[in-house]
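Please consult the sequence and the model while reading.

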Amino acid sequence: DVQLVESGGGSVQAGGSLRLSCAASGYTYNRNCMAWFRQAPGKEREGVARIATGSGNTYYADSVKGRFTISQDNAKNTVYLQMNSLKPEDTAMYYCAARGPTYGCYSASAEADFRYWGQGTQVTVS
C-alpha cells in the first residue's frame, strides 16, 4: 500500500514562508495524481493544490494562487508545497494525498477523489 509522510510544518509569522514535503512509498501507479489538502478546526477539509506527476500539470485553489507552489522530485519520490506570503487564515493541518490507480487529475479536487492520506503536518500562522 501507499504510505505518505508529511514534514515541514511549523509556526510562522504572517508574511512568512514554509515548505512542506510529502515522502511517498508504494507503487507508482497509485501516485499519478498527488495533492495537498488542509483542514482547520471546525471546517471541512479542502483541496489546496494538486499535481499530475506524469505531465507536471498543476492546479490550485483560488485562495492560494500566486502564493503556493506544488512541485515534485521524482528521483526522491517526494512532493512539495512551497507556501509564501502566509496569512493567519492559512492555519490548518495540511495533508498529503494520493489519488490511487485512477487516471486523471484535472477534475480530482475533492477529498473523496483521493484514496491514500498522510498523517498531516500542522501549519500555524500568527
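In which loop does N77 lie? In this predicted model, N77 is found in the loop between β7 and β8. S85, in turn, is placed in the loop between β8 and β9.

| Residue | Phi | Relative accessible area | Class |
|---|---|---|---|
| N77 | near 50 degrees | 36% | partly exposed |
| S85 | near 50 degrees | 41% | partly exposed |

The phi value of N77 is positive, and N77 is a residue other than glycine. A positive phi in a non-glycine residue is likewise found at S85.

S85 is also one of the residues touched by R67, along with Q82, M83, N84, L86, K87 and D90, when residues up to four places away in sequence are not counted. R67 belongs to the loop between β6 (58–60) and β7 (68–73). Its relative accessibility is 11%, so R67 counts as buried. The side chains of R67 and D90 are joined by a polar contact of 2.8 Å.

The largest nonpolar core contains 28 residues, of which L4, M34, W36, F68, L81, M83 and Y94 touch the most other members. At least two residues of this core come from each of β3 (18–25), β4 (33–39), β5 (46–52), β7, β8 (78–83), β9 (92–98) and β11 (121–125). A second, separate core has nine residues, including C33, A35, F37 and A52.

Beyond its neighbours within four places in sequence, M34 is in contact with several residues, among them L4, C22, I51, I70, V79, C96 and F114.

Definitions and conventions: Residues are numbered from 1 along each chain as its sequence is written. This is a predicted model: local features need pLDDT of at least 70, side-chain atom pairs count only at pLDDT 80 or more; totals for chains, interfaces and linings use all residues. Side-chain values use heavy atoms; hydrogens and water are left out. Helices (H or I, at least four residues) and strands (E, at least two) are DSSP runs, numbered from the N terminus. Buried means under 20% relative accessible area, exposed over 50%, partly exposed in between (1.4 Å probe, protein chains only). A polar contact is a pair of N or O atoms within 3.5 Å; within protein, one must be able to donate a hydrogen and the other to accept it, and residues adjacent in sequence count only if both atoms are side-chain atoms. Contact means heavy atoms within 4.5 Å. A nonpolar core is a set of buried Ala, Val, Leu, Ile, Met, Phe, Trp, Tyr and Cys residues joined through side-chain atoms within 4.5 Å.
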